[in-house]
Amino acid sequence: MSENPATRVVHAVCSHDCPDSCGVLVTVDTSTGRATRIQGDPAHPVTRGFLCGKVAKYLDRVYSPDRLLYPMRRKPGVPKGSLPQGRETEAFERITWDEALDEIALRLKSIADEYGPESILPYSYAGTIGQLGYGSMDRRFFHRLGGSQLDRTICSSAGGAALTSVYGVRLGIAPEDFVHAGLILAWGANIHGNNIHLWPFIEEARRQGARLVVIDPYKTRTAALADEHLVIHPGTDTALALGMMHVILRDGLEDRDYVERCVHGFAELKAHALDPQHAPEAIARVTGIDAATIERLARQYALAGRDGRRPAAIRLNYGIQRSENGGTAARAVAMLPLLTGGWQYVGGGLQLSTSGTFPFQSATLQMPELMQASPLGRLARTINMNRLGEALTEPDAGVGGPPVKALFVYNSNPAAVTPDQNEVLRGMRRDDLFTVVHEQFFTDTTDYADIVLPAPSFLETKDVQGAYGHHFVQISQSAISPLGEARNNVRLFGELGRRMGFPESCFDDREDELIDQALSTKDPRFQGITRERLEREGHIRIAMPENSRGEVLPFSTPEWFRTPSGRGELTPVPVFRAPVESRAHADEYPLEFLPRKADNYMNSTFANIPIHQRMEAKTAGILEMHASDAAPRGIANGDEVEVFNARGSVKLRAHVDGHVGAGVVAARLEWNKLSRGKANINALTSDRLTDLGGGATFYSTLVEVRKVLAS
Ligand code: SF4
């Protein structure tokens with residue numbers, strides 16, 4: 001309740017794809033219904049009253065004059081493709097929702113009749129991570145339709161598969177517990193850039209003497225603020241973890257009691273790790289981190305938590321698993337606390353994702369059984385989202401079955417974010433592909449749409465949300481009415497289901513019913529958590545098992561593990577293999593390329609908002625290089641350069657700044673239409689998949705760079 005009767009304060013949750021899932025308070029002018037202020041919820045124990053730079057100015061985004069406010073249809077004869085930003089409306093004409101839904105239903109029915117329903121492909125990811133927005137009525141719709149299933153693997157699937165293989169479940173240290181750590185390894189984790197609410201806990205730990213060590217091939221903001229930055233060659237994290245294991249096991253620093261109680265496969269791993277190829281000197285040659293540092297790091301890590309020392313916490317983020325053998329890398333790092341028994345101490349262990357904390361009833365929301373009622377009468381085929389280019393350009397979509405004739409995009413901007421972009425755009429340009437895009441703004445993807453539908457921001461819709469970086473479930477209330485004619489996923493796909501003639505009453509469910517369904521479990525972690533209670537309290541900490549001292553210590557005892565062996569699983573042992581695209585195999589494209597994300601954008605989201613562009617002005621259109629790579633190519637700071645490989649090329653400006661080591665170049669994601677040459681860094685990335693989980697391999701990319709000579 002607000003003390004000012006002219007305003008009300010509404011609890012919402014930031015639904016952007018970020019581990020922090022902040023509790024948000026939105027002040028609304030009751031006379032106009034307009035949001036006037038957005039702030040972090042001071043009562044939320046992780047948000048602690050502040051928002052990141054991305055969302056602190058969120059009202060600029062919500063009320064941007066560029067918001068899409070009504071449905072549109074491509075004008076006859078206007079070709080698909082990139083239009084200059086600001087001129088996109090020239091390609092479209094305004095239509096009503098009725099017209100849009102009728103046309104979509106008609107086209108989908110006709111495509112399904114002619115080619116089979118699997119010729120219709122949904123494409124979505126985590127543009128919103130609320131349970132309803134991410135996957136509820138949309139999934140029901142495509143399941144009942146019999147559309148192809150999408151393997152949603154672009155971000156975190158290799159790491160998720162890795163955690164599951166080692167622990168059986170995706171749990172981790174609570175962010176609040178990092179204050180108790182004495183050594184914090186940020187491994188491929190730019191905490192200051194994209195997990196900012198963990199930072200105050202780390203700072204508090206450092207005030208009490210903790211050391212922060214960053215392992216990253218790029219000098220991130222976090223690395224610049226750390227006690228030590230270990231510049232590792234891209235894609236060699238498995239080797240470093242094995243080198244640390246070698247030292248730990250060679251010197252007998254494992255926690256034998258813990259290993260005996262909680263770990264399976266120890267003897268096999270020990271024999272493997274002690275192989276001379278994993279000795280620090282050998283690992284130094286692979287990783288670029290000197291042997292003495294590996295020795296010191298391993299010993300400090302192993303001895304943390306012992307003899308009165310504070311424990312070691314690893315914040316592993318998704319960076320390392322976006323390389324060719326990223327699943328193995330994440331497995332190897334995740335095994336370290338199983339050797340040292342770090343999980344037994346408050347503040348010890350590892351956090352990659354806490355998403356497994358929340359027993360949401362996804363199957364109830366998404367109803368995969370509806371596929372049996374579809375014209376297919378069986379499970380539909382699955383297409384990996386990282387292979388969108390292949391799916392749109394191969395006659396059998398690359399997986400067998402019919403060609404993709406309709407693409408329905410929501411919660412994503414595939415024209416900008418999908419690897420092997422030239423293939424993706426070749427497919428999206430097809431005149432015979434019917435494309436619908438549900439969006440808040442004209443993006444690189446709407447440029448290829450036949451129908452554009454307006455989507456709401458998280459302030460304009462109701463949802464329930466967990467987190468992958470903390471342990472609180474929250475409700476997000478609708479703070480303001482949807483702008484213009486924006487409709488959320490629930491209303492869009494529910495109404496479309498009715499237009500398709502689907503008889504099931506599940507298409508009538510609305511937000512409150514779906515939230516109730518998401519929470520409808522007897523799982524003790526959700527015991528007592530109801531929509532009504534969430535509406536009163538905003539956030540509730542998930543009930544996790546406590547030990548006799550009242551501590552929550554995941555994986556401190558065998559009961560926590562969900563692997564087939566019932567223990568922390570060290571087999572199969574992690575084997576280091578250099579990615580095909582890495583310095584170990586470099587030929588005509590000798591430089592390892594890091595396609596980075598901007599600290600002040602969320603992947604491609606926010607890239608069109610002027611205030612965010614100003615925050616990222618220094619990183620716009622630049623290629624970061626090491627002096628030893630620039631000099632032999634005759635490249636000086638500020639020169640225009642072409643970065644290229646067999647898949648494509650992009651134009652950037654060289655920045656010789658010391659943020660990358662020799663042999664590595666880096667540039668950040670931008671919208672194509674905002675890039676010089678109208679192609680972003682995904683023109684260079686490949687659609688090769690990770691060793692586990694079918695993930696994207698953005699960070700296994702080789703390129704060459706040449707100076708663009710003035711004509
Ligand atoms: S993007 Fe992340 S840090 Fe920023 S407000 Fe949203 S949840 Fe919080």
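Predicted model: local features only at pLDDT ≥ 70, side-chain atom pairs only at ≥ 80, totals over all residues.
Student: What makes α10 a helix by its span?

Tutor: Helices here are DSSP runs of H or I with at least four residues, and strands are runs of E with at least two, both numbered from the N terminus. The expected span of a helix is 1.5 Å times one less than its number of residues. For the 14 residues of α10 (residues 237-250) that gives 20 Å, and the end C-alpha atoms are 20 Å apart, so the two agree.

Student: How do you know whether α10 is mostly covered or open?

Tutor: A residue is buried under 20% relative accessible area, exposed over 50%, and partly exposed in between (1.4 Å probe, protein chains only). In α10, 13 of the 14 residues are buried.

Student: What makes the link between R668 and T619 a polar contact?

Tutor: The term asks for a pair of N or O atoms within 3.5 Å; within protein, one must be able to donate a hydrogen and the other to accept it, and residues adjacent in sequence count only if both atoms are side-chain atoms. The side chains of R668 and T619 meet this at 2.5 Å. The R668 side chain also reaches the backbone oxygen of E616 at 3.3 Å.

Student: Why are D307 and N603 placed in separate accessibility classes?

Tutor: D307 has a relative accessible area of 73% and is therefore exposed, whereas N603, at 24%, counts as partly exposed. Each has a positive phi although it is not a glycine: near 50° for D307 and near 55° for N603. D307 lies in the loop between α14 (291-303) and β12 (312-316), and N603 in the loop between β22 and α24 (610-615). Most residues other than glycine have a negative phi, and most peptide bonds are trans.

Student: Where is a cis peptide bond found?

Tutor: The bond from T571 to P572 is cis, with omega near -5°. P572 is in the loop between β21 (568-569) and β22 (591-596).

Student: How do you know that β15 and β16 pair?

Tutor: Two strands pair if DSSP finds at least two bridges between them. β15 (residues 406-410) and β16 are joined by five bridges and run parallel, with L407 opposite T435 in β16. β16 also pairs with β17 (residues 451-454) in the parallel sense over four bridges.

Student: What makes β5 and β6 edge strands?

Tutor: The six strands form an open sheet in the order β5-β4-β17-β16-β15-β6, with mixed pairing. β5 (92-94) and β6 (120-124) each have a single partner strand, so one side of each is left without a neighbour in the sheet. β5 is joined to β4 (residues 72-74) by three bridges, running antiparallel.

Key: Residues numbered from 1 in each chain as written. Heavy atoms only, no water.
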